[in-house]
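Subject: Structure handover and notes

Dear colleague,

I am passing the structure below on to you, together with my notes on what was found in it. Please read the notes with the structure open beside them.

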Amino acid sequence: MNGPSPSSPHPAEVSARAARLASVPSFQRVDSFIRRYLNRGEDQAAACDFTFGNPHQMPPDRYVATLQAALVPRNDQWFAYQTNGGQAREAAALALRGLLDVPFEAGDIYLTTGGFAAIALALKTVADPGDEVIYSLPPWFLYEPLILEAGLVPVKVKADMDTFDLDLDAVGRAITDRTRCVIVNSPNNPTGRIYPEDLLHRLAGLLEAASARIGRRIYLISDEAYNRIVFDGQRFHSPVEFYPYTLLAYSYGKTHLSPGQRVGYLALPPGMPNRDGMAPAISGLQVAMGWIYPNALLQHALPDLEQFSIDVKQLERRRDRLVEALGAMGYGMRPPEGTFYLFVSTPGPDDDAFTESLARRNVFVFPGTLFETPGFFRISLTANEDMIERSLPAFEAAIKESRSQP
Ligand code: PMP
């Protein structure tokens, strides 16, 4: 399946690059799920929707009040073009210093329209067309299109499926002379795994040695969209603490469960050699990639947005409820340590069929095949309590039905 599918636009109507992207099988699949599950309107309320990490409850008053306050102009430049706004950068750097043991400064922060743009910016900052980018399966399903759109080559390695850790031997084997980046995502979507310190330490050693061997620097891109969504009082450790050649991508969309409000950043750690020299190139890309700075309103709100988050304990309670109830029914899973997600084994190997059997019961989850990892399904803990309780009989009936089949 390399050419455009019958539903793709006629090649003459779009660029070869756009047609190629549209024809990538995994992207076609993601795209069909986006069309099926995003913005469904009326029928969404009746469904038990565990698909995207979207809110299914009213936003907290404090979030709304913060945006309302930021909307009121305090000078005539309030809605002028915004770049890397000084106050927003200061606030982001201060919060990052509090979260990680790394002395980030305001000038290290490059503001973007969310995590998507931060990852795209990171890729284009360090990699040239044809360079290889390694990442671990199961992945966030939009790495592949972001990598392809940048003209880069995705290289996929399997995670250790017992621990959900990065498989360092597999990463080592995947490195070639063309390798330029490794994307790491902890806390991980979809597994909920937080990579332990020791693993990050060994990863740094591996990349240091491999960079020396191939004669050019391998960068880490640390996708930390969920670095504030951490359960059980755990302390999150970032790869930036161990490997100075790390570009950190962050999104406020998770911290406030407000993915439609596009704000995030790319941060370079102070230990990165020549980070000041990289600054003009990164700022240039922010413009040339289509003015990927967050909107004025969100930049003004950012210092206040740093002061709070969604109720992480509520997500933890939902995790506990689902882990206990599904576990009692016989589902196998490793409880997530953070993120919005629970990655559960399907009773049989066909996760597409199993997901459809849940959908017939009005319970919507994503099959593991969407994450290139059959035999699993992903539940989003952003579903509300009512959806969770209503879904339990359906989960029970689906596993019973699956077991009764020959
Ligand atoms: N990385 C991961 C692992 C994600 O799950 C997401 C969003 N689902 C993003 C990046 C992008 O975040 P945003 O939509 O806020 O840009």
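Predicted model: local features only at pLDDT ≥ 70, side-chain atom pairs only at ≥ 80, totals over all residues.

The elements that give two or more residues to the side of domain 1 touching domain 2 are helix H1 (16-22), helix H2 (25-37), helix H12 (312-329), strand S9 (341-345) and strand S12 (376-380). Of these, H12 provides the largest share, with 4 residues. Sorted by class, that side of domain 1 has 18 nonpolar, 7 polar and 7 charged residues.

As for the division itself, domain 1 is made of two stretches, 16-60 and 311-404, while domain 2 covers 73-305. The centres of the two domains, taken over C-alpha atoms, are separated by 26 Å, and the contact takes 32 residues from domain 1 and 33 residues from domain 2. Between them the domains bury an area of about 3000 Å², of which 64% is given by carbon and sulfur atoms. Within the area that domain 1 buries against domain 2, Arg-334, Glu-337 and Thr-339 supply 24%, which is more than any other three residues.

The charged pairs deserve a separate paragraph. Side chains of opposite charge can pair when their charged atoms come close. The count for the model comes to 27 salt bridges, and the count between domain 1 and domain 2 is 4. A salt bridge joins the side chains of Lys-156 and Glu-372, at 2.9 Å from N to O. Arg-193 forms a salt bridge with Glu-337, where the closest N and O atoms are 3.0 Å apart; this pair links distant parts of the chain, since Arg-193 sits in the loop between strand S5 (179-185) and helix H8 (197-214), Glu-337 sits in the loop between H12 and S9, and the two are 144 residues apart.

Most residues other than glycine have a negative phi, and most peptide bonds are trans. In the model, however, a cis peptide bond joins Ser-186 and Pro-187, with omega about -10°, and Pro-187 lies in the loop between S5 and H8. A cis peptide bond also joins Asn-189 and Pro-190, here with omega about 20°, and Pro-190 is likewise found in the loop between S5 and H8. Thr-339, which is not a glycine, has a positive phi of about 75°, and its place is in the loop between H12 and S9.

Finally, on annotation, the unreviewed UniProt entry places the feature "domain: Aminotransferase class I/classII large" at residues 72-390. In the model, the end C-alpha atoms of residues 72-390 lie 42 Å apart, and the span is 38% helix and 16% strand.

With best wishes

Terms used: Residues numbered from 1 in each chain as written. Heavy atoms only, no water. Domains from an automatic or database assignment. Contact = heavy atoms within 4.5 Å. Buried area = accessible area lost by both parts, 1.4 Å probe. Nonpolar A, V, L, I, M, F, W, Y, C, P; charged D, E, K, R; others polar. UniProt positions renumbered as here; feature names shortened; annotations may be inferred.
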